[in-house]
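Open your viewer and get ready to select residues by number. We will go stop by stop.

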Amino acid sequence: MTLMQAIEAAAARLEAAGVSFGHGTTNAFDEAVWLVLWRLGLPLDELDAVAGRALSADEQAAIDALVGERIATRRPAAYLTKEAWLQGVSFYVDERAIVPRSLIAEALADGTLDAWLSDATTRVLDLCTGNGSLAVLAAMAWPEVAVDAADISTDALAVARINVDRHGLAERIRLVESDGLAALPGPYDLVLCNPPYVNSASMAALPAEYRAEPELALAGGADGMDFIRRLLADLPQRLSPSGVLVLEIGHEREHFEAAFPTLEAVWLPTSAGDDQVLLLDREALASLG
């Protein structure tokens, strides 16, 4: 059996088992590529170069076992491999933190946010940091800024510490345990937040792969806005005069606009559409008061 044949067989097994994707891949073939190449210790971006390689019986058995574990446990592949990728950057992850997949990463990488920033932008907050990926990407994007990476979960912050240290950013990223903004007086020039925003009906319908993640990082209450209501109320006094908030709300725009009908938000373009990440300046936030 060649490596490509093993990938095709693994993809067929994943498809037949009805596993769910969305933690780094969107389909069975890409997930199979990830699992097979990782199991064999091969670079994930060099499939073409190794596609025809013949596999030993032991290698085939190891692949079969890993795919079987993915199917039997319904754990996301990122938890099995202990690695996730965001904008081409590798991050450690395990069950203590949500698998990183925030669309805010796109805005950090492609310069979308630069129009709202200036030379005075020196303090950045990544709230609900999880495994620290957005904080790391922000520090990489703007070498002159200091970043606070905050989360209520000490388990998540332990995972974030691994990533901050892995990328050599311990001097520029400060990890903070905080319930919302309670331990974060600011002022901040930019706040990034991918909060728990999944509404209760959607939480009840989540596939097992998503239920394997910490519920604290996903569940946003009846309409998904519980955390966001607190955040928008508390944030204006913690922003600098020109400070902005970049907030991810996933598929909850309808609930967001129902909760904040007078709020004038700037919706940012992402690969998933123009209704999942928004930007609010201090003036807009202050209008809620």
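**Stop 1: aromatic rings**

Start with the rings: a search of the whole structure turns up two aromatic pairs. To count as a pair, rings of Phe, Tyr and Trp (its six-membered ring) need centres within 6.5 Å; planes under 30 degrees apart are stacked, over 60 edge-to-face, and the rest tilted.

Select Phe 256 and Phe 260. Their ring centres are 5.1 Å apart and their planes meet at 50 degrees, so this pair is tilted. Helices (H or I, at least four residues) and strands (E, at least two) are DSSP runs, numbered from the N terminus. Together, Phe 256, Phe 260 and Trp 267 form one aromatic cluster.

A word on the model itself. This is a predicted model, where local features need pLDDT of at least 70 and side-chain atom pairs count only at pLDDT 80 or more, while totals for chains, interfaces and linings use all residues. Residues are numbered from 1 along each chain as its sequence is written, and side-chain values use heavy atoms, with hydrogens and water left out.

Is Phe 256 buried or exposed? Phe 256 has 2% relative accessibility, so it counts as buried. The cut-offs are under 20% relative accessible area for buried, over 50% for exposed, and in between for partly exposed (1.4 Å probe, protein chains only).

Next, select Arg 253. Arg 253 lies over the face of Trp 267, at 4.0 Å from the ring centre. A charge sits over a ring if NZ of Lys or CZ of Arg is within 6 Å of the ring centre and within 35 degrees of the ring normal.

**Stop 2: around Phe 260**

Go back to Phe 260. You will find Phe 260 in the loop between helix 12 and strand 8. At 10% relative accessibility, Phe 260 is buried. Which residues does Phe 260 contact, leaving aside its neighbours within four places in sequence? They are Met 225, Ile 228, Arg 229, Leu 232 and Leu 288. Contact means heavy atoms within 4.5 Å.

**Stop 3: salt bridges**

How many salt bridges does a search of the whole structure find? It finds 16. Each is a side-chain nitrogen of Lys or Arg within 4 Å of a carboxyl oxygen of Asp or Glu.

Select Arg 101 and Glu 213. Their side chains form a salt bridge (2.8 Å, N to O). Arg 101 sits in the loop between strand 2 (89-92) and helix 6 (104-110), Glu 213 in the loop between helix 10 (208-211) and helix 11 (226-234), 112 residues apart. Arg 101 is partly exposed at 26% relative accessibility, whereas Glu 213 is buried at 4%.

Move to Arg 174 and Asp 148. This salt bridge also spans 2.8 Å, N to O. Arg 174 is in strand 5 (residues 173-177) and Asp 148 in strand 4 (residues 146-151), so the pair ties together parts 26 residues apart in sequence.

Then pick Asp 165 and Arg 161, joined by a salt bridge of 3.2 Å, N to O. They are four residues apart in helix 8 (residues 154-166), so about one helical turn separates them.

Finish here with Glu 31, Arg 70, Arg 74 and Glu 209. Salt bridges link them in a network.

**Stop 4: helix 2**

Glu 31 is also one of the buried residues of helix 2. Select helix 2, residues 28-39. Its twelve residues reach 16 Å from first C-alpha to last, close to the 16 Å expected at 1.5 Å a residue. That expected span is 1.5 Å times one less than the number of residues. The buried residues of helix 2 pack against helix 1 (3-17), helix 3 (47-50), helix 4 (57-73), helix 5 (77-81) and strand 1 (83-86).

Last click: Gly 41. Gly 41 follows helix 2 and has a positive phi, near 70 degrees.
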